[in-house]
Amino acid sequence: MAVFTVIEKNDIENLLLNYKIGTIRSFEGILEGVENTNYKIQTSINKFVLTIFEKRIDKDDLPFFINLQKHLANKNVQCPIPVPNNKGVFIQNIKDKKCVIMSFLEGNNQIKNKNKDHCFEVGKLLGKLHQSTKDFNYKRQNYLNLQKLNEIILKCSKQKQDLYSDLIKSIENEISFISNNYPKKLPRGIIHGDIFMDNVFFNNNKISGIIDFYFACIDYYIYDLSICINAWCFSKNGIFDNEKFKAILIGYETHRKINKEEKDNLNIILRLAAVRILVTRLHDLLFHKPDTYVTPKDPIEFYEILSFHKNNINII
């Protein structure tokens with residue numbers, strides 16, 4: 001989450017005229033994340049989150065995201081619930097951009113010392129999410145597939161950034177390797193696509209909810225699990241924690257078993273998951289607009305994770 005679009009109190013007041021969720025008491029921007037603009041809103045009735053859609057979000061995909069979160073909430077997967085206006089419409093406009101109001105999740109998404117118990121809970125949640133969406137009928141393709149990642153890294157290479165030229169060449173080689181070794185058929189369905197620590201909330205070491213479904217799409221389940229492993233099982237300097245890795249798998253398999261083909265292809269998918277974050281972070285660093293309230297994240301963290309997977313083919 002982040003703040004790209006600055007709004008004033010009267011902007012929210014005018015928006016809330018169309019809702020029955022009280023009058024505004026206070027609001028503040030939420031600075032975590034990199035994709036959309038988010039504000040925490042306190043009304044006379046309750047707390048809510050206003051999300052303004054930016055950057056990579058296609059407005060035609062918004063019904064998919066809204067219906068997915070409604071579906072998951074009905075399956076008792078803890079997530080923000082979209083709030084309709086007085087006419088039953090979820091998607092609104094503010095500052096000439098699409099927006100939505102969501103229920104507010106209580107909890108802490110800034111775990112300073114994540115441990116294997118946190119990882120077990122995250123794996124369990126992800127397995128439940130995959131099982132709970134088997135009867136979800138909406139579809140959305142993965143718009144950050146290998147082809148798109150290759151386009152993004154080509155755009156980065158045209159920046160002529162000498163500082164990152166070696167990194168860009170290394171990424172280009174890795175994308176080529178993954179493309180030549182990518183598995184053709186694995187179990188697939190709806191994935192979250194962004195199970196990072198700032199998207200998972202805890203209360204007393206138990207998950208109170210998961211947010212930010214705007215990378216959700218249809219893809220391999222093991223790809224979602226790989227994103228999760230890369231986000232939760234490494235330290236900032238790229239050191240792998242096998243106990244956290246095992247905890248995620250054990251938690252995940254309380255809801256869905258990982259088959260042999262998925263295990264056999266885990267390394268290549270872990271590498272793809274690392275490349276996705278590495279490429280998008282490098283892009284956002286090179287094309288960062290200084291007038292936005294967001295700090296680009298360090299891409300090198302995921303280069304080190306990628307390097308680990310290249311040197312450790314079998315971790316399962």
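Q: Which residues form one aromatic cluster here?
A: That would be F53, F64, F65, F136, Y138 and Y214, which together make one aromatic cluster. Keep in mind that this is a predicted model.

Q: Okay, and how many aromatic pairs does the count come to?
A: The count comes to 13 aromatic pairs. One of them is F196 with F302: the ring centres are 5.8 Å apart and the planes sit at 45 degrees, so that pair is tilted.

Q: Why tilted?
A: Planes under 30 degrees apart would be stacked and planes over 60 would be edge-to-face, with the rest called tilted. The angle for F196 and F302 is 45 degrees, so tilted is the word.

Q: Where do F196 and F302 lie?
A: F196 is in the loop between strand 6 (188–191) and strand 7 (200–203), while F302 is in helix 10 (residues 300–311). The pair therefore ties together parts that are 106 residues apart in sequence.

Q: Is F196 buried or exposed? And what about F302, buried or exposed?
A: F196 is buried, at a relative accessible area of 13%. F302 is buried too, and its value is 1%. The cut-off for buried is under 20%.

Q: What kind of aromatic pair do F234 and F308 form?
A: An edge-to-face one, with 80 degrees between the planes and 5.3 Å from centre to centre. F234 lies in the loop between helix 6 (221–232) and helix 7 (242–252), and F308 lies in helix 10, so this pair ties together parts 74 residues apart in sequence. Both F234 and F308 are buried.

Q: Switching to charges. What lies over the face of F287?
A: K155 does, at 4.4 Å from the ring centre. There's also R276, whose charged end sits over the ring of F215, 4.6 Å from the centre of that ring.

Q: Now helices. At what angle do helix 3 and helix 7 pack?
A: Helix 3 (residues 116–132) and helix 7 pack at about 35 degrees, and their axes are 6 Å apart. The crossing is right-handed.

Q: Which residues make the contact?
A: On the helix 3 side you'll find K116, C119, F120, G123, K124, L126, G127 and H130. Helix 7 brings in E243, K244, A247, I248, I250, G251 and Y252. Sorted by class, the contact has seven nonpolar, four polar and four charged residues.

Q: What about helix 5 and helix 9, at what angle do they pack?
A: Helix 5 (residues 165–181) and helix 9 (residues 266–286) pack at about 145 degrees, with their axes 10 Å apart. Helix 5 passes helix 9 in a left-handed crossing.

Q: Which residues meet there?
A: From helix 5, they are L167, I168, I171, E174, I175, F177, I178 and N181. They meet I268, R271, L272, V275, L278, V279 and L282 from helix 9. By class, that contact holds twelve nonpolar, one polar and two charged residues.

Q: Tell me more about L272. What does L272 touch?
A: Leaving out residues up to four places away in sequence, L272 touches L146, L149, I178, Y182 and Y223. L272 counts as buried, at 6% relative accessibility. From C-alpha to C-alpha, L272 and F177 are 9.9 Å apart in space, though they are 95 residues apart in sequence.

Q: And D219, where is D219 found?
A: D219 is in strand 9. D219 is buried, with a relative accessible area of 9%. Not counting residues up to four places away in sequence, D219 touches N142, Y182, P187, R188, G189 and I191. D219 and I191 are 28 residues apart in sequence and 6.4 Å apart in space, C-alpha to C-alpha.

Q: Last topic, backbone angles. Which residue has a positive phi of about 65 degrees?
A: N76, although N76 is not a glycine. Most residues other than glycine have a negative phi. N76 is in the loop between helix 2 (62–74) and strand 4 (92–94), and N76 counts as exposed at 58% relative accessibility.

Q: What is the phi of D212?
A: Near 60 degrees, which is a positive value in a residue other than glycine. D212 is found in the loop between strand 8 (206–210) and strand 9 (217–220).

Q: Is D212 buried or exposed?
A: D212 counts as buried, at 9% relative accessibility, whereas N76 is exposed.

Definitions and conventions. Residues numbered from 1 in each chain as written. Predicted model: local features only at pLDDT ≥ 70, side-chain atom pairs only at ≥ 80, totals over all residues. Heavy atoms only, no water. Phe/Tyr/Trp six-rings, centres within 6.5 Å; stacked < 30°, edge-to-face > 60°. Helix = DSSP H or I, 4+ residues; strand = E, 2+ residues; numbered from the N terminus. Buried < 20%, exposed > 50% of the residue type's maximum accessible area, 1.4 Å probe, protein only. Lys NZ or Arg CZ within 6 Å of the ring centre and 35° of its normal. Axes fitted to C-alpha atoms, helices over the stretch in contact; angles between N-to-C directions. Left-handed = near helix turned anticlockwise from the far one by under 90°. Contact = heavy atoms within 4.5 Å. Nonpolar A, V, L, I, M, F, W, Y, C, P; charged D, E, K, R; others polar.
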